[in-house]
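Subject: The two-chain model, handed over

Hi there,

As promised, here is the structure for you to look at. My notes on it follow below.

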Protein chains: 2
Amino acid sequence: MSVTRRELITGAAAGATGLVVGGVLGKTLGGDDGGGGGGDSGLSGQAEAVAKARDLNSENVTRAVKTFVPPGAKPGDKNADEFFLFSSGGHSGQILVIGVPSMRLLKVIGVFAPEPWQGHGYGADSSDSVIKAGTDSKNKPSSAARGPLTWGDTHHPALSETKGEYDGRFVYINDRANGRIAMVDLRDFKTKQILDVPNLDSSHGGVFCTPNTEYVHISTMSPTLVDPSKAEKALETFKDSFRGYSTFLKVDQKTGKMDLAQSFQVELPPYTQDLADSGKLSSEGWVFINSYNSEMASGGNLTGGKPIEVGASANDFDYMHIINWKKAETVVGSKSKVMNGMRVIPLETAVAEGILYLAPEPKSPHGVDVHPGGNYISVGGKLDPHVTIYGFDKIKAAIDGKQFEKNDPFGVPILKLDAVRAGSVEVGLGPLHTQYDDKGYGYISLFLDSAVAKFSVGEPYFKGADAFKLVDKLPVHYNIGHLVAMEGDTVKPAGKYLVALNKWSIDRFPVVGTLKPQNFQLVDLTGEKMEILTDMPIGIGEPHYVQGIRADRIKAWEVYPVGTNPLTMEKDPNAIADKGEKIQRTGSTVEIWSTVRRSQFKPDNISVKQGDKVIIHLTNIETTPDATHGFSIPRYNVNVSLDPGEAATVEFTADAKGAFAFYCTEFCSALHLEMQGWLLVS
Amino acid sequence: MSVTRRELITGAAAGATGLVVGGVLGKTLGGDDGGGGGGDSGLSGQAEAVAKARDLNSENVTRAVKTFVPPGAKPGDKNADEFFLFSSGGHSGQILVIGVPSMRLLKVIGVFAPEPWQGHGYGADSSDSVIKAGTDSKNKPSSAARGPLTWGDTHHPALSETKGEYDGRFVYINDRANGRIAMVDLRDFKTKQILDVPNLDSSHGGVFCTPNTEYVHISTMSPTLVDPSKAEKALETFKDSFRGYSTFLKVDQKTGKMDLAQSFQVELPPYTQDLADSGKLSSEGWVFINSYNSEMASGGNLTGGKPIEVGASANDFDYMHIINWKKAETVVGSKSKVMNGMRVIPLETAVAEGILYLAPEPKSPHGVDVHPGGNYISVGGKLDPHVTIYGFDKIKAAIDGKQFEKNDPFGVPILKLDAVRAGSVEVGLGPLHTQYDDKGYGYISLFLDSAVAKFSVGEPYFKGADAFKLVDKLPVHYNIGHLVAMEGDTVKPAGKYLVALNKWSIDRFPVVGTLKPQNFQLVDLTGEKMEILTDMPIGIGEPHYVQGIRADRIKAWEVYPVGTNPLTMEKDPNAIADKGEKIQRTGSTVEIWSTVRRSQFKPDNISVKQGDKVIIHLTNIETTPDATHGFSIPRYNVNVSLDPGEAATVEFTADAKGAFAFYCTEFCSALHLEMQGWLLVS
């Protein structure tokens, strides 16, 4: 439907009251401010004067023009944001969406923690049910006193893929603290599922999609105590009591939802599995998970034992797990056991069937990242100053040729390091995590050196003396954790930019209290040397891992077909059209069907008796983009956000007496303040 | 204590394990990237080439250099952020802190809604108790079934003032939905108090500090049903059943906390009080509150009545409330009644004592804003295209000369409009809210025209034909609600910038789903004409009102004195030093005193029995800025954030059996992942 500027601004199209509208400026949308547009290029005297007054040297002026997105820039403009970052929010429990190169925060998506602005978990049926379903108190340790889980520690977003490229449909993200995973639908940028994964009490960076999103993978981090009733002696019997699990959650291609019944796990030794990545192209069908604490240290620092930071760092090597999931698929069902509703391939079976192998990794490593071509696998040494690069061709050959050094304590064969290592580059102190560009280079974060190191891999990308070399190193500010290169996880990285996800900002930003923001530094990859462009403070959350996707791959909706329930993405059975409003009492239940539009709720007077169960079905009947309305009931902890076309149901018991002025929370129109009603509870 | 870069990066100063550290680059902090620094000014060929490739015309290049803050800019640098915005977060329930001119989001402060990244309301004693105390279920309608309030609709931040200028100590903010107010301490940017204000079921923009923060003011919005048990007939007896309240909350100058016992209210007619402002200088001692819906319309759109948007817009005039609080102070105690623990000056007494007057305002107005000089008071017509400017000198004279047109239905004298109006400027459609610059001009937002109008006031600022004139008008994108000029609420506005707080972004940003961000547009006030510089998407929340403060007025802490509890800002009685760790069992209570540092919790093994009450006292013994640690207990919904020096206590019942790997959530060191322990519940 075509909408004129006048309609958008005044709401006239939605049947608002006969408000006089004048003064429409008669210019096209977005074109009022001279944004973008070619023609007059070059730098004016005014810009020079400003740069001088603001003490911006030529290097900084160049940074400014490299990153500036003009007001009113349109998608596809040369000066518009070209990429989006989907960033974990850490223990904020959310996802942050950031534009590149402007580094503007476009959206915070509520995932594991309720978030009232977007009506996530404050009374609307769809999000309330998602959050509620996210705690499996039957099969997993859960505290009734502390209640169902209302936060998560998001670490690793995994965008859905098709043929190994991002396809912009869904994004998955784990909850490190509680062993859970969520799915966000990129049609409307809302969370549609939170799954409390059986047999996982934690998870870390072991989250990724297989190249056609057949599965989304998540593994344990701290291993799981298999029998929670055996907690008392658990640490003394660690080796026997704990296990890890590599989990393959089957994805419904239409909805993006994960289906437990079609999922499976491979049981792993109780090492602390850490990061993971999917094989691609030549390594498709395999996954790689690194780990640390193969020592299985568990602390005891008050009673004469070593703290875990010492105990877990003792050995020179830990283990990369190499898992053949295509083989595992064939074995599940016939050779799996069922634990807490999940089909699990036992550790012994995984060994016997050639599903699981180990390879040594130096030393408390962090990060396992598969090169776009599929053959090279980079592991950051963390406590070793090298990036160790494995070749999948070598791994395959070593497995076939049984080139094992020995078995681990659980009978899992350990490949000889020399047989599987393709190369090694000394990069600096504290190497953690690798991403790749469009020229075959890897970029690894160095936490202790506070830098990014750029390195080459082997043939066919780089030959002879050019292979496995450190080619550039860039100081960052400060103490980088992970990094993200644009589409750097996929079979076709875009290069151009990298973002250093720095953990310590120290003195980079104004002081805003004792809790400092993280620092995302945008880095230009297009020059001879890497170059920092800007510092972006992260105002909420502590991101860990980020994925960068081309903006044009995202095809988000601006409105819903009228009456859509976001959870089903279908018409809600209780959605109504204009004039369908009614109030119906059945015993002590009062059910209301309400339309929402500029600028009234209809009905706007609702009377109930104290103790009544109240069910309100709301339909936002707007069709105009941005015509979101809120619905809030004071004192009842209810705030629902209704986007154009959205339908939602709120159910509550009217146990508090009084007159409650429910109102529209999202500024919608000139008469937004008057968009209010009364709920009378007597 | 002096801290070297090596110490900051490696944690060596905090007694971490004997980790080898090398490769420190030997440069000073922050100076590695060529940020800032004078010398070579002017624009280089490289910048020109980039501008051309990115299609940035000279106007946009100028915008870029006007707003760019280089990586590593230090506070006080000419190119650093000069101001902070403290923005309401709307129904996110939070406060956003944004730097100007970079428009970067520096921090989201958790206020009314729990926020786990900063450990707000997830198990730490200080924030849990603040949130818990924020619902007065005894004196105010409260739903036991829906639980204590865990969200708020923040509209109006009010920075503390001394002699009418911002002093950077505290910021107060209201909760529109539930009639509450919170206080954030600007030493550590944390919420220290949430007060459920007696007799308020809602509040809107009636929040401000008196010029020396003697009081923070908050008024009703939707009027309060005085007796909640009379809900059934409330709308039919509106005039008698509902009242408004102008509330003066006494502020403790040392802590910033609001003290109910020394506070008072002035009872008002049940008009919908809206925005408010404090008198200053010549008008100090008075407050001004505007209102709409003097018609007292209450809807009934399903039963043949008029919707409120029509009913509330019928009259040509509504009423500005003019309140003499200095007079009220003298009358409280002797002539007030106590309602729900609050001393209230009844409406009749307020009239009799000359505390309350009304003045007509056209027409469903929005916004009452006192000019820096104290005399002029601007009111936006909203449904009338004028800004009406009152003179306090005229108001005073009219009161003294009893120039009343009549009384309202409640006996409150209404001043004659002609006697109190100093001037009027036709500005355009939908005028809402005014701020001022350093030259005496007012800037008013025009919602329907989607513009900002700049106007002059009267003498002595502007004389003759220059007085009360529209001097400039700037289109904004789109549908602006409020605006903020730097220090524009105070006796000494700074001018320079204005930010248009636009409600509809429509096509200004990439599509990130059906819920679109708001658009904050930075406007340059220093030229002949106002000019838009950038669009900033608001990724979380729906801001309403914002205050802009000079960055150098904020003197926030980077660390706490070791052992500080944020709630008391004093040493926590259970804080300990290194080597003070212990575990103590008394019956079925286990109490633990724990130190937290890079990179261990000590003790790291805690064993309890199922059903035990567990009390953990944590002290972050770090002294280095940015050395924040998290403390999270999986499955128990606990996440505590501990800044350097901070002490906190977590109490819970260990009702779930198992082995729980508690860990540090905030990336702190090379061995952050190993900073973990085990809680065994058997």
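Although S364(B) is not a glycine, its phi is positive, at about 55°.

Before the rest, some housekeeping. This is a predicted model, in which local features need pLDDT of at least 70 and side-chain atom pairs count only at pLDDT 80 or more, while totals for chains, interfaces and linings use all residues. Residues are numbered from 1 along each chain as its sequence is written, chains are lettered from A and ligands numbered from 1 in the order in which they are written, and side-chain values use heavy atoms, with hydrogens and water left out.

**How the chains relate**

A rotation of 180° with 0.0 Å of shift along its axis places chain A on chain B, at an RMSD of 0.0 Å (least-squares superposition on the C-alpha atoms of residues with pLDDT of at least 70 in both copies). That is the relation of a two-fold axis. In chain A, the C-alpha of A64(A) is the nearest to the axis, at 2.8 Å.

**Where they meet**

Chain A brings 225 residues to the contact and chain B brings 226 residues (contact means heavy atoms within 4.5 Å). The copies meet through the same surface, because 100% of the interface residues of chain A are also interface residues in chain B. About 19,300 Å² is buried between chain A and chain B, and carbon and sulfur atoms give 58% of that (buried area is the accessible area, with a 1.4 Å probe, that two parts lose on being put together, summed over both).

Eight salt bridges are counted between chain A and chain B (a side-chain nitrogen of Lys or Arg within 4 Å of a carboxyl oxygen of Asp or Glu). K516(A) and E558(B) form a salt bridge, at 2.9 Å from N to O. On the side of chain A that touches chain B, helix α3 (residues 58-67) of chain A gives the most, with ten residues. By class, that side of chain A has 104 nonpolar, 68 polar and 53 charged residues (Ala, Val, Leu, Ile, Met, Phe, Trp, Tyr, Cys and Pro count as nonpolar, Asp, Glu, Lys and Arg as charged, and the others, Gly among them, as polar).

**Inside chain A**

The domain assignment gives domain 1 (5-67), domain 2 (83-113 + 151-297 + 318-553) and domain 3 (564-681) of chain A, with bounds from an automatic or database assignment. The C-alpha centres of domain 2 and domain 3 of chain A are 43 Å apart. Seven residues of domain 2 of chain A and six residues of domain 3 of chain A take part in their contact. Between these two domains of chain A, about 480 Å² is buried, with 45% from carbon and sulfur atoms.

Three salt bridges cross the interface of domain 2 and domain 3 of chain A. K254(A) and E570(A) are joined by a salt bridge at 3.9 Å, N to O. The side of domain 2 of chain A that touches domain 3 of chain A has no nonpolar, no polar and seven charged residues.

**Two cis peptides**

R598(A) and S599(A) are joined by a cis peptide bond, with omega about -5°. S599(A) sits in the loop between β37 (589-597) and β38 (600-602) of chain A. In chain B, the bond from E459(B) to P460(B) is cis as well, with omega near 0°, and P460(B) is in the loop between β27 (451-455) and β28 (470-475) of chain B.

Best wishes

Note on methods:
Helix = DSSP H or I, 4+ residues; strand = E, 2+ residues; numbered from the N terminus.
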